[in-house]
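Here's a quick briefing to read with the model open beside you. Have a look at the fold, then work through the notes below.

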Amino acid sequence: MVKNDLDKNGSFTGSPKPPHPTDPDSRKSSQEELEHSLNHHNDQDVKKLSEDIDRFIDVLTTCHDKSNPPDVPEIVETFFKIIESKIIKHSTRESSATKFCKMEEDNFFVEAVSRLSKLTNSLSEFPSGSLNRTSMVLQRVMTFMEEDLRALLEDSSSSVKVYKNSSFNSNRLLVDGEACSLTLSESNGEEEYPSFPPDAVTRMNRIVSAMILAGYETECCQVYSISRRNAFVEQMKKLEFEKINMEDVQRMQWDSLEGEITRWIRVVKSCSTTLFPGEKRLGDSVFSESPMNSQYLFSNLARAIVIQLLDFAEAVTMTKRSEEKLFKYLDMYEALRDLIPSIKNSCSNECENELNSEIQATTDRLGEAALSKFCDLENSIKNDVARTPVPGGAVHPLTRYVMNYLKYACEYKVTLEHIFQQHVKFEESNVNAKLKPTLEVESENDSPHFNSETVARTTPFSIQLVTIMDLLDTNLEAKSNLYRDPALRDIFLMNNGRYILQKVKGSEEIHQVMGDTWCRRRSTIVRHYHKNYQRETWGKVLQILSHDGMQVHGKVAKTTVKERFKNFNTIFDEIHRNQTTWVVSDEQLQSELRVSISALVIPAYRSFYGRFRQYLDNAKQAEKYIKYQPEDIETLIDDFFDGNSTSMARRKT
């Protein structure tokens with residue numbers, strides 16, 4: 001047993017002097033000597049040795065004469081050898097992964113590092129040659145711990161499969177054949193980042209604390225920083241995103257760039273929800289006794305990654321703008337906006353302010369780009385000048401394009417509202433001027449003008465939306481004039497008006513902006529076109545079927561009867577021939593039109609037929625002038641608006 005007691009002068013006595021390294025009798029191998037030193041000290045000896053080292057440190061601390069240091073007792077060299085033996089023992093593990101999972105809780109080693117650090121600091125105050133030996137051992141210990149920390153950081157993520165919500169909890173999982181503490185998610189088993197088992201994090205924490213205490217804070221932070229940055233870059237590569245030069249971004253074709261933007265958005269969202277929170281959580285756990293270092297390391301990592309992400313976004317905003325890019329701009333805008341909370345209270349104040357400012361500047365540019373493309377829709381509508389009408393009065397492609405564009409745009413309603421509020425000067429006094437009437441149509445009691453009361457809420461975005469609707473209506477009015485037949489013009493406007501109304505009702509987002517009042521006004525407009533169609537198409541038919549003018553001197557004129565049946569046949573044939581080629585693709589509107597025509601024409605024809613058929617002289621004459629039975633008219637009306645020019649031919653065969 002080693003006996004180390006302080007004499008009355010404060011010197012240590014009773015410790016056997018170790019053989020001099022050059023003594024032939026002491027030429028054992030270094031490993032054997034250190035193992036011998038380690039194995040021949042039981043727990044009680046080690047505890048006594050530790051207490052003696054602590055007393056010697058106290059002696060050094062309380063010694064006022066720094067020019068005359070106390071003698072260094074033999075136990076110090078024994079202490080050094082035990083530390084070195086521990087280093088060699090743990091350095092010979094088969095792998096670092098096995099090492100940190102199998103390594104016993106070695107309190108002596110961690111506590112010894114603390115004592116060694118204090119001893120080094122105390123001896124540094126004296127002109128003692130023993131400081132070189134102490135510093136050498138401390139350097140060796142720090143090198144070992146630095147390598148161990150690096151191995152833990154590198155091997156944990158590659159050797160351990162960790163699942164969501166498992167980072168720093170406890171359970172059992174096999175790692176390289178050995179049991180480690182991990183938790184498996186009870187949910188969907190998604191992999192969480194970073195993937196470190198709890199005991200590895202605890203090990204790293206103890207290493208970091210010891211290195212910082214020993215004055216090796218810089219080396220410790222450097223190892224951690226390099227390792228975590230490399231791991232972060234690897235995670236970004238797994239998400240298929242790598243750094244791209246701004247020049248390359250601007251030269252990309254849209255198809256390629258769109259794919260890169262999609263990957264960029266995926267990375268930014270991962271940073272917000274997983275990567276940054278994971279890094280912050282890991283840093284806080286590893287540097288729990290040094291929160292300033294944790295904050296500093298996370299700040300440096302976050303700054304490097306965020307700047308790289310912002311460089312890409314900036315490059316995208318400088319590419320040639322086109323309307324299809326609007327939605328990608330908005331996706332990028334939302335992704336960056338959601339990134340801000342992930343760095344809040346995680347970085348230093350200076351770093352947080354810097355990154356918030358940079359992110360905000362980039363989101364502003366994305367917002368401006370999105371706003372520019374959304375407002376360019378106005379020019380697209382204005383410049384869409386057609387010279388040929390759409391066959392059959394069908395819904396115009398421009399109407400479909402604009403309404404689908406608005407539908408998708410309004411899925412970003414909250415974001416667009418925010419962008420418009422930021423970038424568009426909104427003056428209440430100008431609202432009525434901008435929300436000018438769209439279509440002045442006749443109505444029995446109301447003129448459905450679109451004004452500031454038409455939409456649900458008056459905001460810069462709602463004004464822009466109504467302005468686009470207004471331009472579309474104006475454009476469609478101009479296109480309707482390409483049709484020579486006034487009835488077909490009404491069908492065209494009815495088709496497009498109904499399509500617009502259904503799109504607004506079918507999109508909760510657009511409906512919220514436009515409101516119920518706007519929808520009611522739009523329905524009034526569609527009904528107005530319906531009435532116009534009925535008047536233009538069936539007005540003359542109803543005049544023919546009228547009973548007025550059928551009598552001369554109180555008697556029914558047979559020539560008038562013949563002329564009326566003949567005129568009806570001619571006009572109805574023409575209407576049928578034309579309107580079977582017209583198109584009403586909305587099934588409900590098509591049904592409404594057919595029902596309204598039947599309700600208007602069939603009763604009038606049935607009445608005329610029943611009243612005047614008897615005035616034809618004979619069956620042969622009746623067959624000559626009466627082409628249709630009342631039920632034939634009802635059947636033929638069902639052919640209308642199918643866009644099929646062969647329907648009459650089918651009926652005849």
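Let's start with F327, which counts as buried because its relative accessible area is 19%, and the cut-off for buried is under 20%. Bear in mind that this is a predicted model. Overall, the protein comes to 24 helices and six strands, and buried residues make up 49% of its 653 residues.

**F327 and its ring partner**
- F327 forms an aromatic pair with Y408, and the geometry is edge-to-face: 6.3 Å centre to centre, with 75 degrees between the planes.
- F327 sits in helix α12 (residues 326-343) and Y408 in helix α14 (residues 397-410), so this pair ties together parts that are 81 residues apart in sequence.
- In total, the count of aromatic pairs comes to 25.

**A ring cluster, and F641 within it**
- Ring pairs also link up into a cluster made of Y533, W538, F568, F572, Y605, Y609, Y628, F640 and F641.
- F641 is worth a click: this residue is in the loop between α23 (630-637) and α24 (647-652).
- Though in a loop, F641 is buried, with a relative accessible area of 1%.
- The backbone of F641 has a phi near 70 degrees, a positive value in a residue other than glycine.
- For context, most residues other than glycine have a negative phi.

**E240, another positive phi**
- E240 has a phi near 65 degrees, again positive in a residue other than glycine.
- You'll find E240 in the loop between α8 and α9 (246-251).
- Is E240 buried or exposed? At 52% relative accessibility, E240 counts as exposed.

- In soluble globular proteins, nonpolar side chains tend to be buried together.
- The largest nonpolar core here has 124 residues, and the members touching the most other members are W264, F276, F312, F374, L406 and Y533.
- Which helix gives the most to this core? That's α19 (residues 508-544), with twelve residues.
- Leaving out residues up to four places away in sequence, W264 touches F241, L309, F312, A313, M332, A335 and L336.
- Apart from this core lies another one, of 46 residues, with F126, L153, F196 and V201 among them.

**Cavities**
- How many cavities of 30 Å³ or more does a search of the whole structure find? There are three.
- The largest cavity has a volume of about 90 Å³.
- Its lining is made up of Y224, S225, R228, R229, E279, K280, G283, S294, L297, F298 and L301.
- The elements giving two or more residues to that lining are α8 (217-238), α10 (254-286) and α11 (291-317).
- By type, the lining residues of the largest cavity divide into four nonpolar, three polar and four charged.

**Contacts along the chain**
- Among contacts in the protein with a separation of 6 or more, 77% are between residues 24 or more positions apart.
- N495, in helix α18, is buried at 3% relative accessible area.
- Setting aside neighbours within four places in sequence, N495 is in contact with G393, A394, V395, V583, V584, S585 and L589.
- D485 lies in the loop between α17 (460-480) and α18 (486-506), and at 30% relative accessibility D485 counts as partly exposed.
- The C-alpha atoms of D485 and T537 are separated by 9.5 Å, while the two residues are 52 residues apart along the chain.
- T560 is in helix α20 (residues 558-579) and counts as buried, at 16% relative accessibility.
- Not counting residues up to four places away in sequence, T560 touches G549 and M550.

How values were computed
Residues are numbered from 1 along each chain as its sequence is written. This is a predicted model: local features need pLDDT of at least 70, side-chain atom pairs count only at pLDDT 80 or more; totals for chains, interfaces and linings use all residues. Side-chain values use heavy atoms; hydrogens and water are left out. On a 1 Å grid over the protein atoms alone, a cavity is a set of points where a 1.4 Å probe fits but cannot get out, and a pocket is an open set with protein on both sides within 12 Å along at least five of seven lines; lining residues have an atom within 4 Å of a point. Grid points are joined across faces, edges and corners, and a volume is the space filled by probe spheres set on the points. Helices (H or I, at least four residues) and strands (E, at least two) are DSSP runs, numbered from the N terminus. Ala, Val, Leu, Ile, Met, Phe, Trp, Tyr, Cys and Pro count as nonpolar, Asp, Glu, Lys and Arg as charged, and the others, Gly among them, as polar. A nonpolar core is a set of buried Ala, Val, Leu, Ile, Met, Phe, Trp, Tyr and Cys residues joined through side-chain atoms within 4.5 Å. Buried means under 20% relative accessible area, exposed over 50%, partly exposed in between (1.4 Å probe, protein chains only). Contact means heavy atoms within 4.5 Å. Rings of Phe, Tyr and Trp (its six-membered ring) pair if their centres lie within 6.5 Å; planes under 30 degrees apart count as stacked, over 60 as edge-to-face and the rest as tilted.
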